[in-house]
Amino acid sequence: MTGEKIDEIEMLSSSTESSKEPKMSKVVETPTVNTKNKRKGKKIVEAVEAKGGKKKKTSSAWDHFKAIDGNKEHAECIYCAQKISCAPANGTNAMKRHTERCKKAPFNLEKTQTILDFESKTKCNANGTIETVSVPKLWRFDQEKIREALAKMVILDELPFSFVEREGFRMFCKIAIPDFIPPSRTSITRDCYALFIEKRRTLKNFFKNLSSRVCLTTDTWTSTQNLSYMCLTAHFIDDTWKLHKMIINFCPIASHSRELIGRAVEKCLLEWGLKRILTVTVDNASSNDLAVKYLKQIVNLWDGSVLDAQFLHMRCAVHILNLVVKDGLKDVDNSVMKVRAAVKYVRSSPARLQKFRSCIEEENINNKSLVCLDIETRWNSTYCMLKSALVFRKAFKNMKTKCIPYTKELRKVGGPPEDEDWDKVTAFLPFLEIFYEATLSFSGSRHKLRYVEWIVRRSYDPSNSFALCHRIKETLTSLFEFYASSQPPASQMKSSSIESSGHGDGGIRKLKGTNLRKDFVNEVELFDTSETTELDKYLGDKCVHETDDFDILSWWSMQTMNYPILMRIARDVLAILVSTVALESAFCTGGRVLDSFRTSLTPRLVEALICTQDWIRASHNTIVVEENLLALENMEEDLISEQPTIIIDETNEVPDVTYEEPCP
């Protein structure tokens, strides 16, 4: 018998009994017998008002029902809208029984029952416009999947494990997913580590079938306890020509000796089964030179090197630029510090910003942008700050003469910037711009040999440029010959056309195949070196006209038939990194530091969190600091235009509440 039929019978029986009950105008005591528990003599006192009186609804059953206007005998379920008897003589038992069986109540949903839901997806129309549409999907409650998603959230958002025991999170779960049982901090720790083990096992199986070579980068992190960690990252292009970057090891190191760093990398590569290594990119520390020398010996023993690991060691170009910039900033450090203090002052409150705007108007500076703050450890943001501050040089000079609190505040750093400071910044900015553009160019695309030679001839004197171009050509030729020699022999190809008879007939072999002429031509073209090689053909072909949407990986993925050997070289070489850090860290003059939460964990848990976060992250979009600062500036402008600003005259501290006009 279904739950709906049971509810109908209860409703009919309740209505029939209530219709026979006479109305009472006073309180009566009715003796009842509880036959289930066989306790006799228990009395229930119920107050009933005869003529439209209202009784306070104190039963918990009314949390799931609502009253019906004009119908005091029934109530409506807020989940399924079914009417259930609530007559005063019968109480709320029928309502409670229905609540326990209502199939549309969220707490009664079956674990295998699906719910129709909608999710937002981006749709690209035929005319090129982007539209967000709602796509239907089926959702089913699953305790394990929700716990897995919670573990991913803790890892991705770098939340402490105690987050799952906090009052706010538990209150949210109670309302959003009443059936979900939040785990304890111990359980979520186990979930995070189990996710790390599962993802690592999957990736190890993936590397077993990887046909391309792997390029490595090493980076050093520090903790607030001055412990050093080595981060080892693998870069490669898979068979579908997608570039991958993933952290494969994050372990503590006691020192920078060759034995510890070199052996740590060796142990990690053996654990992951990675023996076909193309390059290792490291910074310029002398200990890294010794570590790479040790790795060369190991890779050559594994027989997985290219050209006897001559080009295994790649120096981090970004690290070299950072050292130069850091050294150059020392010469203008005091001037930069004064400009930074001036910018910080005018951006610290709406009143000060308004005063600065009045100075801009007095100096007739026609520029809608404003000065932006910088991050002291990121020199690209310092470049953007100095560049924007120079535009308002006269306004800052005006602030010095008309705003006494400004001059008083900046005495802490030696006073406001003087003409000498502005002149130093003006002279230093073009130098900083060159390195800024150079760092951004490291993430650009690659070009043919002719373009490289063209750049070299314009960058060096004739004698040095000729020697360097000759060396580049020799290296490219050696690389091509190495990959050509590693091609599978013709006897192992699918198009093999000979087969031994195996009958002891004096070495006579039986020919196999229907198009022997075609097989002969293919074999001659593969091994005949008297004609133009594939490399010569590629270098002699016309250059492809590069557009804004040109994708070098997509182009090479379509050159299987034209350049089969060079395609394999490109798939390995295009994964080489000239930097050990991502672009968001390329401008950083400080080191990479673990937060206080991760510092308090054991090294094994730190590795699990760092690696898993890198593996499950949906995107590796870089952080462009100047764009973020501009967005914050625009947001601040909107907030100022919408809300009243309290302008305080800092001379006499008399507040004046005014409304600012929106900026044009």
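So, the largest cavity: Thr218, Ile261, Val265, Val280, Val282, Asn288, Ala291, Val292 and Leu295 line it. The largest share, four residues, comes from α7. A cavity here is a set of points on a 1 Å grid over the protein atoms alone where a 1.4 Å probe fits but cannot get out, and lining residues have an atom within 4 Å of a point. Helices (H or I, at least four residues) and strands (E, at least two) are DSSP runs, numbered from the N terminus.

Quick caveat: this is a predicted model, where local features need pLDDT of at least 70, side-chain atom pairs count only at pLDDT 80 or more, and totals for chains, interfaces and linings use all residues. Residues are numbered from 1 along each chain as its sequence is written, and side-chain values use heavy atoms, with hydrogens and water left out.

How much space lies in the largest cavity? About 40 Å³, with volume being the space filled by probe spheres set on the grid points, which are joined across faces, edges and corners. Searching the whole structure gives four cavities of 30 Å³ or more.

Okay, helices. In α2 (residues 93-101), Ala94, Met95, His98 and Thr99 are buried, meaning under 20% relative accessible area (1.4 Å probe, protein chains only). They sit on the same side of α2, because they cover an arc of only 140 degrees around the axis, taking directions from the helix axis to the C-beta atoms.

Over in α5, the buried residues include Ile188, Cys192 and Arg200.

Key. Buried < 20%, exposed > 50% of the residue type's maximum accessible area, 1.4 Å probe, protein only. 1 Å grid on protein atoms, 1.4 Å probe; cavity = no way out; pocket = protein on both sides within 12 Å on 5 of 7 lines; lining within 4 Å.
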